[in-house]
Amino acid sequence: MNKSLEYSVDALNVPLERDIFLRTLIRELSGTLQQVIGLEEASGFISVVGERMGRQINQNYKSALEVSNLSPEQVAAVLVDLKKRIQGDFYVIEQNEEKIVFGNRVCPFAEKVHDRPAMCMMTSNVFGTIAANNLGYAKVELQETIAQGAAGCRVVIYLKSTEESEDAEGREYFRGLEA
């Protein structure tokens, strides 16, 4: 390739770097899955990935904190911190012995999450895996999501089986063998 062409292409204002590339890759993968096999099955595939990532992230935080299990307060702090590290803006709205309610103003996938609700299974499974593997049980309800057009997200993690949690639409998680 001649040098002048290489330099002119190099100088182009093309919105492409690793973060955008990877978010676009995940968006297109989840969109293709949603179109080909449907939202429910696509969510299932993404759930498997989220569960595996949740186990790894959980282990990283437990090692860094030098604990064998996270307390409920530590679980909430870890979940807020991990989203902050990947450029989300999650915060605790409410926390008690039965549940933790999170709000979120910014999705880590940014605009790439619009119309891709299957991508929300990453949050559900990472949150559910970390909470259940430390506290024994979790049910994650995605009450509102940016992916489905809301201005922000509202995610509830039920820590105990209660009448409220049984009525909630969500996925249940249980302590794994690797916990």
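This is a predicted model: local features need pLDDT of at least 70, side-chain atom pairs count only at pLDDT 80 or more; totals for chains, interfaces and linings use all residues.
**Reading a cavity and a helix pair**

Colleague: How many cavities of 30 Å³ or more does the structure hold, and how much space lies in the largest cavity?

Modeller: The structure holds 1 cavity of 30 Å³ or more, and about 120 Å³ of space lies in the largest cavity.

Colleague: Which residues lie nearest the centre of the largest cavity, and which elements give two or more residues to its lining?

Modeller: Of the 16 residues that line the largest cavity, F90, C107, C120, T123 and C153 lie nearest its centre, while the elements that give two or more residues to the lining are α5, residues 120-135, and β4, residues 153-158.

Colleague: Turning to helices, how are two packed helices described?

Modeller: Two packed helices are described by the angle between their axes together with the distance between those axes. Here helix α3, residues 39-65, packs with helix α4, residues 72-85, at an angle of about 115°, and their axes are 11 Å apart. That angle makes α3 roughly perpendicular to α4, and α3 passes α4 in a right-handed crossing.

Colleague: Which residues make the contact between α3 and α4, and how do they divide into nonpolar, polar and charged?

Modeller: From α3 the contact is made by I57, Y61 and L65, and from α4 by Q74, V78, D81, L82 and R85; the residues of this contact divide into 5 nonpolar, 1 polar and 2 charged.

Note on methods. Residues are numbered from 1 along each chain as its sequence is written. Side-chain values use heavy atoms; hydrogens and water are left out. Axes are lines fitted to C-alpha atoms, for helices over the stretch in contact, and angles run from 0 to 180 degrees between N-to-C directions. Helices (H or I, at least four residues) and strands (E, at least two) are DSSP runs, numbered from the N terminus. Angles under 35 degrees count as roughly parallel, over 145 as roughly antiparallel, 65 to 115 as roughly perpendicular and the rest as oblique. A crossing is left-handed if the near helix is turned anticlockwise from the far one by less than a right angle, and right-handed if clockwise. Contact means heavy atoms within 4.5 Å. Ala, Val, Leu, Ile, Met, Phe, Trp, Tyr, Cys and Pro count as nonpolar, Asp, Glu, Lys and Arg as charged, and the others, Gly among them, as polar. On a 1 Å grid over the protein atoms alone, a cavity is a set of points where a 1.4 Å probe fits but cannot get out, and a pocket is an open set with protein on both sides within 12 Å along at least five of seven lines; lining residues have an atom within 4 Å of a point. Grid points are joined across faces, edges and corners, and a volume is the space filled by probe spheres set on the points.
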